[in-house]
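Please look through the sequence and the structure shown here before reading on. The report that follows moves from single residues to the chain as a whole.

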Amino acid sequence: MRGKKAPKRIIKPDQKYGREDVGKFINYIMHGGKKSTAQNIINDTFEIISAKTKLDPLEVFETAIKNVAPTVEIRGRRVGGANYQIPVSVRSERSFTVGCRWILAAARAKKGKRMAEKLAEELISAFNNEGAAIKKKQDTYRMAEANRAFAHFSR
């Protein structure tokens, strides 16, 4: 590895809810530096969630991320001319990041609605352990289980 390790940046908590995880999620939604647009999307999403489920939207958000966040992922490794898919355990920070990424990818893949509505639907379905993001997690686990024999190749 060359150079220095990248410094750990401090993420400011969200203005409305005062939580770092919501602030980080807003940053993942943001395109082209338009943070106020991303904040509006999150605010609308949380309103939709509270209207549909009659639950605290922060609790739904937290549980949905926890349900989607993986504990194992697959990494490719070249050993003796062959590429192996090696299952590796995931750190909690990366787990949160990957979970957010899968939820956003699933929401963006839907068509025909506003982003806030698509994101609210995906968060509610992840809260209920269903939906595209949960399917992605289950597929990853299946791959890890299938390639468990190669786990000894990890460093």
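Lysine 4 sits in the segment before α1, where helices (H or I, at least four residues) and strands (E, at least two) are DSSP runs numbered from the N terminus. With a relative accessibility of 82%, lysine 4 counts as exposed, given that exposed means over 50% relative accessible area, buried under 20% and partly exposed in between, with a 1.4 Å probe and protein chains only. Its C-alpha atom is separated by 29 Å from that of tryptophan 102, which is 98 residues away along the chain.

This is a predicted model, in which local features need pLDDT of at least 70 and side-chain atom pairs count only at pLDDT 80 or more, while totals for chains, interfaces and linings use all residues. Residues are numbered from 1 along each chain as its sequence is written, and side-chain values use heavy atoms, with hydrogens and water left out.

Aromatic rings of Phe, Tyr and Trp (its six-membered ring) pair if their centres lie within 6.5 Å, and planes under 30 degrees apart count as stacked, over 60 as edge-to-face and the rest as tilted. There are four aromatic pairs by this rule. Tyrosine 17 and phenylalanine 46 form an edge-to-face pair, because their ring centres are 5.1 Å apart and their planes stand at 70°. Since tyrosine 17 belongs to the segment before α1 (20-29) and phenylalanine 46 to helix α2 (residues 35-53), the pair ties together parts that are 29 residues apart in sequence. Ring pairs also link Tyr17, Phe25, Phe46 and Phe61 into a cluster.

| Residue | Relative accessibility | Class |
|---|---|---|
| Lysine 4 | 82% | exposed |
| Tyrosine 17 | 23% | partly exposed |
| Phenylalanine 46 | 1% | buried |

A nonpolar core is a set of buried Ala, Val, Leu, Ile, Met, Phe, Trp, Tyr and Cys residues joined through side-chain atoms within 4.5 Å. The largest one has 32 residues, of which Phe25, Ile29, Ile42, Ile103 and Leu119 touch the most other members. At least two residues of this core come from each of α1, α2, α3 (57-68), α4 (92-109), α5 (115-127) and α6 (132-146).

Taken as a whole, the protein has six helices and two strands, which follow the pattern α-α-α-β-β-α-α-α along the sequence. Of its 155 residues, 36% count as buried, and the C-alpha trace spans about 55 × 40 × 25 Å along its principal axes.
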